[in-house]
Amino acid sequence: MSDSFSFDTLAVRAGIERSQFGEHAEPIYLTSSFVFENSAQAAARFAGTDRGPVYSRFSNPTVQMFCDRLAALEGAPACLATASGMSAIMATLMSLTRAGDHVLSSTGVFGATMQLFNMFGRYGVETSYVPLTDPDAWRRAMRPNTRMLYLESPSNPLTEVGDIRALAKIASDAGAVLVVDNCFCSPALQRPFDLGAHVVVHSATKYIDGQGRVLGGAVLGSEQYVRELLLPVLRTAGPSLSPFNAWVLLKGLETLSLRMERQSANALEVARWLEAHPRVARVHYPGLASHSQHALAMSQQKTGGAIVSFDVKGDDAASLRARAWATIDQCKMLSITGNLGDTKTTITHPASTTHGRLTPEARLAAGVGEGLIRVAVGVESPADICADLARGLEA
Ligand SMILES: Cc1ncc(COP(=O)(O)O)c(C=O)c1O
């Protein structure tokens, strides 16, 4: 579809490839391989001179429809899908780095992402960490062998915001690549390519699905990057998105902007209520004027997003953890679960769950304290969400 269509139109119509039956909803091609008319066609498909499907590890029409729609929404030339967000990040690392290269990452990234970077140390790819919010620190930390810069904005779970334009320039000046994990905003709220990013990764498990059903991921970038560097990794290593999951995600994209708009509005209401609560020490939400990068966030994102984190009050690590756990455990409606991006509001204690496998020092550097609670606000009434949180805070 033409780029001149608006986001909302592309979200429901981009990427559709109808079969000879003229079905209206996108079909699920649940098949591992595709049949060729003859050996010559098989050879041409394997060689890539005939672009028809071959084998669902690397080519499937339902998965392709998902990739084409997401690329249209992100404003990206090309996209490939993966089985999960983590396999998207792994494939990005494998496609961009080799032994001897250096990766510069924000300290404020998802716990498993940091562990993956550290694992790549075994293969000779070293990662060092810098604060997301200090572009000068990124510039100073660049090395002659820095190949990739990596950030989430807003970050999980503190909702810190990185200056994507400034960091893209630092990467470009050094001939490196800026990779942005756009999971918290999704393209409905933020399009990193418009701000200069070179590669975007997604955990489609989160807002793109939006209803907590399937795992999925995606990597987006230039035609050349995707064809020459990323596709060989994914085709060979095989962390493929299943056609069924791709279909669920395609359907998720259709309602993405509606959900993000409503969930962001609800999150702002919850954040304002938390900010006024006497038992809350600090609220982290980019849509609040009190957020230290509020102006930057509003220049990059349409709204503050749907994740609100907050610190409860307490004297030491033990009392902070006890207060945070008690607040969470009193909730009767909010779901105590590690996932986020669902229409149902979820609540998590990052220090003992999503970031629990990090060393205490790494957790401290990421700002993930024992009193921190992350709420991924859904579509329920904000008054009901606040009432559920009040029960715990006031217990
Ligand atoms: C910001 C971010 N990136 C990546 C991931 C990993 O995604 P997945 O669970 O789909 O592998 C997560 C998971 O919570 C996340 O929050």
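These are my notebook entries on a few spots I looked up in this predicted model.

**Ground rules.** I count residues from 1 along each chain as its sequence is written. Since the model is predicted, local features need pLDDT of at least 70 and side-chain atom pairs count only at pLDDT 80 or more, while totals for chains, interfaces and linings use all residues.

Next I checked burial: 20 or more other C-beta atoms within 10 Å of a residue's own make it buried, 12 or fewer exposed, anything in between partly exposed, with C-beta atoms placed from the backbone. Pro-382, Ile-385, Leu-389, Gly-392 and Leu-393 are buried. They cover an arc of only 95° around the axis, so they sit on the same side of helix 15; the arc is taken from the directions from the helix axis to the C-beta atoms. On the face turned away from that buried side I found the exposed Ala-383 and Asp-384. What do the buried residues of helix 15 pack against? They pack against helix 11 (256-275) and helix 13 (317-329), where contact means C-beta atoms, placed from the backbone, within 7 Å.

**Helix 2.** Helix 2 (residues 39-47) is hardly covered, with 0 buried among its 9 residues.

I traced 5 strands in the order 8-9-12-11-10, with mixed pairing; two strands pair if DSSP finds at least two bridges between them. Strand 8 (280-284) and strand 10 (335-336) are at the edges with a single partner strand each, so one side of each has no neighbour in the sheet. Strand 9 (residues 307-312) and strand 12 (residues 372-376) run antiparallel and are joined by 5 bridges. Phe-310 stands opposite Ile-373 in strand 12.

**Trp-138.** Is Trp-138 buried or exposed? It counts as buried because it has 24 C-beta neighbours inside 10 Å. Trp-138 lies in helix 6 (residues 135-141). Leaving aside neighbours within four places in sequence, I list its contacts as Leu-104, Val-130, Leu-149, Leu-167 and Ile-170. Val-180 is 42 residues from Trp-138 along the chain, and their C-alpha atoms are separated by 15 Å.

Technical notes
Helix = DSSP H or I, 4+ residues; strand = E, 2+ residues; numbered from the N terminus. Contact = placed C-beta atoms within 7 Å.
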